[in-house]
Amino acid sequence: MDSRGYDSTGREFSSATEMWAEEIGATSAAPAMEAEVAPTAAAAASNGDTGDEAGGEVKRKDWYSKGIAYWQGVEASTEGVLGGYGCVNDADVKGSDAFLRPILAERFGTAKRHLVALDCGSGIGRVTKNFLLRHFNEVDLVEPVSHFLEAARENLTGCMDVGQDTHRAANFYCIALQDFTPDEGRYDVIWIQWCIGQLTDDDFVSFFNRAKVGLKPDGFFVLKENIARNDKEDSSVTRSDAYFKELFKKCGLYIHSIKDQKELPEELFAVKMYALVTSQPKIPKNGKRRRPKNSPRVIRS
């Protein structure tokens, strides 16, 4: 699964979202609060806080199965996984490259190193083929929609040969993120793009806690996701920036870098990229963060 809830009207999520709210007895909040209320309700249901733990688990499974059923009916193409907005592919890749490149250099240096990435919600392998394989020697793909993953295998056939200094698609896992646990210490970067909106809050936190063990020393996560706007209705699966930051705290993650994706059509949700690390970024002994190069200084009279 690649683009989740990408249309700013939220149409691609509306049926699943309304289904969840109806089944747990949640009421629709005002548009300004909708993005922050629904994920909490979903988390409560997954915890069994409705008073019926078994019933909550049934509803949780139904929530996920209906999401998969929707995507099973979507064409395995760039237009399909991007919700009819295949035109954003180039801008998306350009933005991701500009965000990731300097972080890789900072975390791992410029010396040659065998780098491995995990592409979460990989869909048809669009992100792996167009972007991740430029930077990583190996990329594993995890995707719950079987015909998307088969399309990824086909699309990446030429990127699966083993050889010295090769860049290749290594492993293909057909499993949902809420059920996936990575191999310990395998990945330098775990890339999660346009799929985390499928997870309830509890499963969001649980996934990141499990995925931490998959990181190598100095490894990090990148989450690239739609950001809710207060003036849009039906955005309950799309979380706000503030809501994401609260969830990161619950996961024990720290924001290393954050950047807005540029050059997207105005009618689409805003998109942010977060680089997340498992230990608090170091602050110089003077207690002040280093001033970025070429940043303006205050001239005092």
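Two strands are taken to pair if DSSP finds at least two bridges between them. Helices (H or I, at least four residues) and strands (E, at least two) are DSSP runs, numbered from the N terminus. The structure is a predicted model, in which local features need pLDDT of at least 70 and side-chain atom pairs count only at pLDDT 80 or more, while totals for chains, interfaces and linings use all residues. Residues are numbered from 1 along each chain as its sequence is written, and side-chain values use heavy atoms, with hydrogens and water left out.

By this criterion, strand β1 (residues 116-120) pairs with β2 in the parallel sense over five bridges. Within this pairing, Val116 lies opposite Glu138 of β2. Between β1 and β2 the chain passes through helix α6 (residues 126-135), and this β-α-β crossover is right-handed (with the strands pointing away from the viewer, the path from the first strand over the helix to the second runs clockwise). Strand β2 also pairs with strand β3 (residues 168-173), in the parallel sense and over four bridges. Here Leu141 is opposite Phe172 of β3.

Burial was assigned from relative accessible area (buried under 20%, exposed over 50%, partly exposed in between; 1.4 Å probe, protein chains only). Five of the five residues of β2 (residues 138-142) are buried, so this strand is largely enclosed by the rest of the structure. In a regular strand the side chains alternate between the two faces of the sheet. On one side of β2, Glu138, Asp140 and Val142 are buried, and on the other Val139 and Leu141 are buried, which leaves both faces covered.

With a disulfide defined as a pair of cysteine sulfur atoms within 2.5 Å, the count is zero. Cys87 is exposed, at a relative accessible area of 61%, whereas Cys174 is partly exposed, at 46%.
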